[in-house]
Structures are given as structure tokens and as C-alpha cells.
Amino acid sequence: MIQLSNIMKSYRQGATVVDVLRGVNLEVAAGASVAIVGASGSGKSTLLSVMACMDRPDSGRLVLNGRDATALTESELAQLRNRQLAIVFQSFELVPAFTALENVMLPLEIRGSAAHAVAAEALHSVGLSHRLHHLPGQLSGGEEQRVAIARALAQDTPILFADEPTGNLDRGTGSEITEMLLRGVREREKTLVLVTHDPEFARHADRIMRLDNGVLTAETGK
Ligand SMILES: Nc1ncnc2c1ncn2[C@@H]1O[C@H](COP(=O)(O)OP(=O)(O)O)[C@@H](O)[C@H]1O
Ligand SMILES: [Mg+2]
């Protein structure tokens, strides 16, 4: 489902070149979940934005659901993103003027699917049936992230990415959110790549990989 071969990515800042990804290899089977851990600044977000086709690698190959993303034009890439993946961010990224229900409906309406029932069901599945008409500003952080997870799950995409989805939450809420996310992707048989700073949350995934020195290695014990 997701295949990365020898992915390289550097950032240039003035005269300095920072080699962030130095040959990353990863294979995630359909329906499997992988957690990626690593120190702050190790390149986890860079790797995720490459995998989610938001940023191109300097070299290497990325295949999503059988399609070589590195060979696509910008518009083909946009279409691939739209059909294949959904993303959950640390900062939730909800539209402040929209209710919980409207936030979940928005990407579905863009796709032209029957939005209302699907969105309401997704919010129900994350325990938010009683918050459908609340605005993000009227929700707790944990509830906001549950809306963002419902939004990602409701989209009919086989792949879900999450970049530190619990980074702005307290530990207890973070644990609940991680369990909810894993349950949601397993029920819907989605493929998940979860970036997390917390090894305890990473344990919920099928497999743990560590990003260190620009390469991914399997974390022992999982
Ligand atoms: N757009 C950018 N331009 C220059 N350097 C960047 C950019 N994005 C990230 N970096 C650098 O790349 C490294 C990895 O960053 P990041 O992927 O955000 O790490 P992590 O998510 O693991 O904390 C850091 O040293 C960061 O400063
Ligand atoms: Mg990051």
C-alpha cells in the first residue's frame, strides 16, 4: 500500500545544507499501522509530508496504492492526495466558523458524496454525537482532535496519516485519542502511519519504526 525506497530530502538554508532524510525505506501493507518515533528535529514531519505528497523528495521512490507518486505531475498528485489519503495534524486544523458536523462534511461535499449521514456517523464513532452543532472554539482540545479524526475517517481514502495528533493534549486525553484513532482505522481497514513523540502511544500500532540520522530502523520489541 505504501512503499518508500531510498527517499532523500535536504533543506538548504543559506550556505548550510541539512540532510534530513538520507535514504528512508519503508513498506506498509494495506490495513496495517506503523508508528514512527524519533527525537524532535529528526525529520518525522518532513517524512510524513513526503509520504502525504505535500512535499517532493529530492530522490527515491514513493508508491501509494500501486501508483508511483514521484512520477506524477502536480495535478495528478493533487488527485492522488484527494483519493488516497487523509491527514490528522497536531493543531487539528478545523475551520473555526464551521460546526463539528460541517467540518467533517466539508471534504465529503468537495468529493460529491452523501455528506450528512456519513459525517454524523463518523462523529458518532468518536463519541461526539452530542457535539454536532458546536463550533471548534466551544470544544475542548481532545474534542477538537476527535472532530479532526472523524473528518479523516469519514473520507473514503485507504490511507491515513497523523503527525503528532496528541502533541497538544494532556497525557490521558492523548491516550484516549490514540486508541480511538487505531480503533477507527482498524474498523475501516485503513492503512495508518502515525508520528508520535510518545513511545507509550506508539505501542498501539502494529509496528514501531525509529527515525534517527535520516534513516528508519525497526524498533526492537515490536
Ligand atoms: N522548510 C524547511 N526549511 C529548512 N529546514 C527545515 C524545513 N522543514 C524542516 N527543516 C529542518 O529539518 C529538520 C527536521 O524537521 P522536522 O521534519 O520538522 O522534524 P520533526 O518533525 O522530527 O521534529 C529540522 O532540523 C528542521 O529545522
Ligand atoms: Mg514534527
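About 50 Å³ of space lies in the largest cavity, where a cavity is a set of points on a 1 Å grid over the protein atoms alone at which a 1.4 Å probe fits but cannot get out. Volumes are the space filled by probe spheres set on the grid points, which are joined across faces, edges and corners. Keep in mind that this is a predicted model: local features need pLDDT of at least 70, side-chain atom pairs count only at pLDDT 80 or more, and totals for chains, interfaces and linings use all residues. Residues are numbered from 1 along each chain as its sequence is written, chains are lettered from A and ligands numbered from 1 in the order in which they are written, and side-chain values use heavy atoms, with hydrogens and water left out.

**The cavity**
- Searching the whole structure turns up one cavity of 30 Å³ or more.
- Its lining is made by Val-50, Cys-53, Asp-55, Arg-56, Pro-57, Leu-62, Ala-69, Thr-70 and Leu-77.
- Sorted by class, that lining is six nonpolar, one polar and two charged residues (Ala, Val, Leu, Ile, Met, Phe, Trp, Tyr, Cys and Pro count as nonpolar, Asp, Glu, Lys and Arg as charged, the others, Gly among them, as polar).

**Helix α1**
- Seven of the eight residues of α1 (44-51) are buried, meaning under 20% relative accessible area with a 1.4 Å probe and protein chains only; helices here are DSSP runs of H or I with at least four residues, strands are E runs of at least two, and both are numbered from the N terminus.
- The buried set is Lys-44, Thr-46, Leu-47, Leu-48, Ser-49, Val-50 and Met-51.
- After α1 comes Cys-53, with a positive phi near 60°.

**The largest pocket**
- The largest pocket has a volume of about 320 Å³; a pocket is an open set of grid points with protein on both sides within 12 Å along at least five of seven lines, and lining residues have an atom within 4 Å of a point.
- Of its 17 lining residues, Leu-85, Ala-86, Ile-87, Pro-107 and Gln-155 are the closest to the centre.
- By class, the pocket lining has eleven nonpolar, three polar and three charged residues.

**Ala-86**
- Ala-86 sits in strand β6 and counts as buried because its relative accessibility is 3%.
- Beyond its neighbours within four places in sequence, Ala-86 is in contact (heavy atoms within 4.5 Å) with Ala-152, Gln-155, Thr-157, Ile-159, Leu-160 and Phe-161.

**Helix α6**
- α6 (171-187) has 17 residues and reaches 24 Å from first C-alpha to last, close to the 24 Å expected at 1.5 Å a residue (1.5 Å times one less than the number of residues).
- Its buried residues pack against β3, α5, β7 (159-163), β8 (191-195) and α7 (199-202); among them are Ile-177, Leu-181 and Leu-182.
- At the start of α6, a side-chain oxygen of Asp-170 comes within 3.1 Å of the backbone nitrogen of Gly-172.
- Just after α6, Glu-189 has a positive phi of about 55°.

**Ser-33**
- Ser-33 lies in strand β3 (33-37) and is buried, at 4% relative accessible area.
- The Ser-33 side chain reaches the backbone nitrogen of Asp-206 at 2.9 Å.
- Leaving out residues up to four places away in sequence, Ser-33 touches Leu-182, Arg-186, Leu-192, Ala-205, Asp-206 and Arg-207.

Definitions and conventions
Buried means under 20% relative accessible area, exposed over 50%, partly exposed in between (1.4 Å probe, protein chains only). A polar contact is a pair of N or O atoms within 3.5 Å; within protein, one must be able to donate a hydrogen and the other to accept it, and residues adjacent in sequence count only if both atoms are side-chain atoms.
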